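Trainee: I'd like to learn how to read a protein model, one feature at a time. Could you walk me through it?

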Amino acid sequence: MDVTQAKQEHLLALKVMRLTKPTLFTNLPVTCEVRDLPGDLFGQLMREDPSTIKGAETLMLGEMLTLPQNFGNIFLGETFSSYISVHNDSNQFVKDILVKADLQTSSERLNLSASNSAVAKLKPESCIDDVIHHKVKEIGTHILVCAVSYTTQYGEKLYFRKSFKFHVLKPLDVKTKFYNAETDEVFLEAQIQNITTSPMFMEKVSLEPSMMYNVKELNLFSSGDPGESTFGKMSYLQPMDTRQYLYCLKPKPEYAETAGVIKGVTVMGKLDIVWKTNLGERVRLQTSQLQRMAPGYGDIRLSLEMIPDTVNLEEPFDIICKITNCSERTMDLELEMCNTRSIHWCGVSGRQLGKVSPAAFLSLTLTLLSSVQGLQSISGLRLTDTILKRTYEYDDIAQVCVVCPYTSNEC
């Protein structure tokens, strides 16, 4: 902490101290075997040491607490607390004492004083005490500016101030990645790393979705104890350890059918992270709005609403396709079905599907069969807008497992 000293001698003295929780006292146990030269000397000394735990003298943690010896680190999301004391070191009465504490960040200046009214009189060897609190919301350099103004008993008005500089560090490294599914679902992978020097107890990591989406957390076991986390009951994150969280976002029913609106949504929500430090201090951190790259569906989006997992070789099966007009104009569509080496379409190719308005869709049931066993890719669909004479081809729409219903010899 850098301190700007006052150049003029004043009747009042200003002292500022950061308030932090103490830490557990640690010692370095030294042991040896009984047959060694010191014998039981080290063990006796540790048993007589008042800082050790009786019966567990070799444990590094003791029963005592250690007061902070320096300013320490301040991390984003923590509450900065400071004790401010103005003491009258002189033998004179001082009048109209006003103590003001401001915190200057990179973006704003905040007034942290509990009271902005002046103290009428301060006797010699008396003091004015104040405790300020501020939840840190920005990283980088912060400057605590404490200003004191007062009037001497002879009517002279004096003023001085001190500045205390400290840096706010980032406690977590958060990386996110979005995955767009074939449907309107969006998956979010959040990777959270503890970059502090002490362990964290992760109380909550949740996603607050935007107004158009509902969210489902995929970090809980579907079987066993309801609501049990995949990370276990004691959710500790050690220094430099990393965890991955997964969420599924689905459009709300009122927006699910509005293809043009969902297509353009890039703001998906924000992460809300709550953890506790060594001595139970609760810290909360929220990310900024998470944004994804809007998927490029083009003018027409073709997706599958239903497809069987497994089908029999050379037996027809049905799929249900959803064709959505993602453009801003009406289309008159025609469907062509082209056979591939393994996939054969059943039905009339080149049929008219009719007009589809912007953001509208139609569901279509198609029949096909496979002549080859194994995992086969469904391809060969072609849509043509007869108004503008534009053609859209769709390959690798989905995959299906084709099995032989007979014995291996018969197949």
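Mentor: Let's start with a sheet. In general, strands of a sheet pair through backbone hydrogen bonds, either parallel or antiparallel. Here, an open sheet of four strands runs in the order β22-β24-β28-β26, with antiparallel pairing. Strands are DSSP runs of E with at least two residues, helices are runs of H or I with at least four, and both are numbered from the N terminus. Two strands count as paired if DSSP finds at least two bridges between them.

Trainee: Which strands are the edge strands of this sheet?

Mentor: They are β22 (300-306) and β26 (343-346), and each of them pairs on one side only. On average, neighbouring strands of this sheet are turned by 40° against each other, direction ignored. For such angles, axes are lines fitted to C-alpha atoms (for helices, over the stretch in contact), and angles between N-to-C directions run from 0 to 180 degrees.

Trainee: How many bridges join β26 to β28?

Mentor: Four bridges do, and β26 runs antiparallel to β28, which covers residues 361-370. To find one of them on screen, look for I343: its bridge partner in β28 is S370.

Trainee: Before we go on, where does this model come from, and how is it numbered?

Mentor: It is a predicted model, where local features need pLDDT of at least 70 and side-chain atom pairs count only at pLDDT 80 or more, while totals for chains, interfaces and linings use all residues. Residues are numbered from 1 along each chain as its sequence is written, and side-chain values use heavy atoms, leaving out hydrogens and water.

Trainee: How many helices and strands are there in the chain?

Mentor: The chain has three helices and 32 strands. Of its 411 residues, 37% count as buried. Buried means under 20% relative accessible area, exposed means over 50%, and partly exposed is in between (1.4 Å probe, protein chains only). The accessible surface of the chain comes to about 23600 Å², and 52% of that belongs to carbon and sulfur atoms. Those areas come from the Shrake-Rupley method with a 1.4 Å probe, and for residues only the protein chains shown count as cover.

Trainee: And what share of the contacts join residues at least 24 apart?

Mentor: Take the contacts between residues at least 6 apart in sequence: 70% of them join residues at least 24 apart. A contact here means heavy atoms within 4.5 Å.

Trainee: Now salt bridges, please. What's the idea?

Mentor: Side chains of opposite charge can pair when their charged atoms come close. The rule used is a side-chain nitrogen of Lys or Arg within 4 Å of a carboxyl oxygen of Asp or Glu. The structure holds 12 of these salt bridges.

Trainee: Which residue does E203 form a salt bridge with?

Mentor: Its partner is R282, with the closest N and O atoms 3.0 Å apart. E203 is in strand β15 (residues 200-209) and R282 in strand β20 (residues 282-286), so this pair ties together parts that are 79 residues apart in sequence. E203 is partly exposed at 33% relative accessibility, and R282 is exposed at 53%.

Trainee: What about D385: is it buried or exposed?

Mentor: D385 is buried, with a relative accessible area of 0%. It forms a salt bridge with R329, the closest N and O atoms being 2.6 Å apart. R329 sits in the loop between β24 (317-325) and β25 (331-337), while D385 is in strand β30 (residues 381-385), so the pair ties together parts 56 residues apart in sequence. R329 is partly exposed, at 21%.

Trainee: Which residues are joined into one network?

Mentor: Salt bridges that share partners join D299, R329, D385 and R390.

Trainee: How many disulfides are there?

Mentor: A disulfide is a pair of cysteine sulfur atoms within 2.5 Å, and by this rule the count is zero. As for cysteines, C127 is partly exposed at 38%, whereas C326 is buried at 9%.
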